[in-house]
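Hello,

Here is the structure I said I would pass on. Please look through it first, then read the notes below.

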Amino acid sequence: MNQENRSNQKLEFRNMDQDTIILGVIGADCHSVGNKILELFFTAEGFKVLNLGVMVSQQEFINAAIETNAKAIFVSSLYGHGDIDCQGFRDLCLEKVLDRILLYVGGNLVVGKTPFEIVEEKFKKMGFDRVFPQTST
Ligand code: B12
């Protein structure tokens, strides 16, 4: 399924108690505090959460999503190499027939102080459905 077809679909959460979210910090990134907070928040909100923790590969995210029939993958990246670690993520999802999965990414996604609009555009072009800035400084 190509990008255009995907964006025409209604991708949204419906049954919180049935929808599984995969969480994790991608690549060689070991920042764990935000990841734990996201787990606590989404669990308290009633979602089923599978938290893969830190230093998670694209393949590990995808395997977990397939095993749990997850609705969304929430990728975190804090150490500045998110744009490298996330490259090809959407393509790999499509290759593994995860064609309806929501991909969200957040954190401190690139090195330095690039305006968020530029970062957002970059990750959207990479196939992420939503991009979130770091909320703590
Ligand atoms: C604590 C810390 C560390 C600790 C981590 C300990 C641990 N167990 O987590 C240690 C000392 C190990 C560390 C190491 C490094 N760090 Co550090 N670290 C920090 C620091 C001070 C705080 C991070 C934190 O815990 N924040 C609190 C949590 C609650 O916030 P958060 O992580 O941002 O997560 C929230 C949001 O971003 C958002 N969010 C995150 N992901 C997602 C995903 C989605 C889908 C959504 C919706 C929301 C969302 O929700 C979260 C919860 O509110 C930050 C500076 C800062 N102010 O952020 C630097 C910082 C992240 N580190 C940085 C760097 C460079 C490094 C190192 C590379 C340093 C080095 N040269 O070795 C290494 C990397 C090691 C590695 N392999 O990952 C830089 C990154 C710079 C960049 N991106 O351009 C920062 C920003 C410091 C700086 N100003 O330079 N670090």
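A residue counts as buried if 20 or more other C-beta atoms lie within 10 Å of its own, as exposed if 12 or fewer do, and as partly exposed in between, with C-beta atoms placed from the backbone. Helices (H or I, at least four residues) and strands (E, at least two) are DSSP runs, numbered from the N terminus. The model is predicted: local features need pLDDT of at least 70 and side-chain atom pairs count only at pLDDT 80 or more, while totals for chains, interfaces and linings use all residues. Residues are numbered from 1 along each chain as its sequence is written.

Strands

Strand S1 is mostly covered, with 5 of its 6 residues buried. Two strands pair if DSSP finds at least two bridges between them. S1 pairs with strand S2 (residues 48-51) in the parallel sense, over 4 bridges, and Thr20 stands opposite Lys48 in S2. S3 and S4 are also parallel, over 6 bridges, with Ser76 opposite Gly106 in S4. S4 pairs in the parallel sense with strand S5 (residues 130-133) over 4 bridges; there Gly106 stands opposite Phe132.

Core

A nonpolar core is a set of buried Ala, Val, Leu, Ile, Met, Phe, Trp, Tyr and Cys residues joined through C-beta atoms within 7 Å. The largest one has 28 residues, of which Ile21, Ile22, Ile73, Phe74 and Val105 touch the most other members. At least two residues each come from strand S1 (20-25), helix H3 (58-68), S3, helix H5 (89-95) and S4. Leaving out residues up to four places away in sequence, Ile22 is in contact (C-beta atoms, placed from the backbone, within 7 Å) with residues including Leu50, Phe61 and Ile73.

Gln59 lies in helix H3. Is Gln59 buried or exposed? Gln59 is exposed, because 10 other C-beta atoms lie within 10 Å.

The expected span of a helix is 1.5 Å times one less than its number of residues. The 12 residues of H2 should therefore span 16 Å, and its end C-alpha atoms are 17 Å apart, which agrees. Just after H2, Gly46 takes a positive phi of about 100°.

Regards

Methods. Contact = placed C-beta atoms within 7 Å.
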